[in-house]
Amino acid sequence: MLPIQDVFPLLQTPSKVFITTHHKPDGDAIGSMMALYHYLIKKGHTVTAVTPNEVPDFLEWIPGTKKMLNFEEQQQEALTALKNADYIFGVDFNTFSRTKYLEQALTEATQPKILIDHHMFPSNLWNYGISIPEKSSTCEMVYDFINRNGDNELIDKNIAACIYTGVMTDTGSFRFAVTTPAVHVMVADLMSKGLDHARVHEEVNDSWTEGRMRFLGYVLIERMEVFKELNTAFISLSKKDLNLFNIKSGDTEGLVNYPLSIANIKFATLITERSDEVRLSFRSKGSFDVNAFARNYFEGGGHFNASGGKSNLNFVETIEKFKKIISEVHPN
Ligand code: 5GP
Ligand code: MN
């Protein structure tokens, strides 16, 4: 992978750019994709942003999402844009499999592929890029990308809102250890450019349906198991649970963090039975490496303190497997 600054001369000429992110996009995925989208349009490029599947409700307000293509629903349009593109950007993921249905098209595409991401162990299929696992968010890296290209003055209110969304969501509202002084300096700069930070918090955090709020109560009472002696707690959601409350994809966002607010719980997991597979989300505090845990046991990965994976066993078997592993691994 050639360094990201080698891309700057290429982007001097107006080009067709295709940007995508990971399946089941979160605030950092959509925020970084749309910040880059608005920036590249300002630079004179023709840009197509493609999400592998639907954007969750709490991110729909992000400027430009209406123009984004959803690969699940607009596959032909998205594939045409990919075919016609001069450059392909990938943000907030580093292996094509994370885009799920876009994997094959990305693998077969022959245009230069450019990575901006903060997950560990990028694949070697990127031609240019930057990968820094210590960074708070991909949004912070898009901010750095714009600045390194000498374009700080192009950051407007909309771009600032996109960037802030990702850094806010990926840092747990600026509380996780990845929140460096540089993050706060960046936010000060975004505010000087007209960022309405209170609005972003409101849009992202205060847009729950009544059903989602009641579902949270149900989950914490009925579906959370705590293993104090193992410093571990997990939540398991069956298809039936999700249907009962008419839960949509984005509605389980953040659930995995709740158990970590219990004293001495260092490792939290969310096990979700989806239509095609069982997904797992892992979070930890301190020295328990959930990236390694996801890689070793659940075909996944991510960051040291936040990762995800999947299981090919059924829902009940997956829960049993998880319990057996934690009793052996003893997270702390
Ligand atoms: P989440 O639990 O929010 O889905 O994911 C937590 C973190 O782990 C995110 O940064 C996400 O990109 C990463 N992650 C989630 N699932 C997978 C996976 O299956 N493989 C890899 N490599 N990373 C994942
Ligand atoms: Mn991220």
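This is a predicted model: local features need pLDDT of at least 70, side-chain atom pairs count only at pLDDT 80 or more; totals for chains, interfaces and linings use all residues.
Two strands pair if DSSP finds at least two bridges between them.

Strand β2 (residues 16-20) and strand β5 (residues 87-91) run parallel, joined by four bridges. Within this pair, Phe18 stands opposite Ile88 in β5. Both strands belong to an open sheet of seven strands. The order is β1-β7-β6-β5-β2-β3-β4, with parallel pairing. At the edges stand β1 (2-3) and β4 (69-70). Each has a single partner strand, so one side of each is left without a neighbour in the sheet.

**The manganese site**

Which residues are the protein donors of the manganese ion (ligand 2)? They are Asp28, Asp92, His118 and Asp170, lying 2.2 to 2.4 Å from the ion. Their spacing in sequence is D-x63-D-x25-H-x51-D. Asp28 lies in helix α2 (residues 27-42), and His118 in the loop between β6 (113-117) and β7 (128-131), so the pair ties together parts that are 90 residues apart in sequence.

Are these two residues buried or exposed? Buried means under 20% relative accessible area, and both qualify:

| Residue | Relative accessible area |
|---|---|
| Asp28 | 0%, buried |
| His118 | 2%, buried |

**The second largest pocket**

This pocket has a volume of about 370 Å³. It is lined by 21 residues, and the closest to its centre are Glu54, Val55, Pro56, Asp57 and Glu60. By class, the lining has five nonpolar, eight polar and eight charged residues. Where does the second largest pocket lie? Domain 1 (2-205) and domain 2 (210-329) both give residues to its lining, so the pocket lies between them.

Methods. Residues are numbered from 1 along each chain as its sequence is written. Chains are lettered from A and ligands numbered from 1 in the order in which they are written. Side-chain values use heavy atoms; hydrogens and water are left out. Donors are N, O and S atoms within 2.8 Å of the metal (3.2 Å for Na, K and Ca); water is not among the atoms, so sites may look incomplete. Helices (H or I, at least four residues) and strands (E, at least two) are DSSP runs, numbered from the N terminus. Buried means under 20% relative accessible area, exposed over 50%, partly exposed in between (1.4 Å probe, protein chains only). On a 1 Å grid over the protein atoms alone, a cavity is a set of points where a 1.4 Å probe fits but cannot get out, and a pocket is an open set with protein on both sides within 12 Å along at least five of seven lines; lining residues have an atom within 4 Å of a point. Grid points are joined across faces, edges and corners, and a volume is the space filled by probe spheres set on the points. Ala, Val, Leu, Ile, Met, Phe, Trp, Tyr, Cys and Pro count as nonpolar, Asp, Glu, Lys and Arg as charged, and the others, Gly among them, as polar. Domain bounds come from an automatic or database domain assignment.
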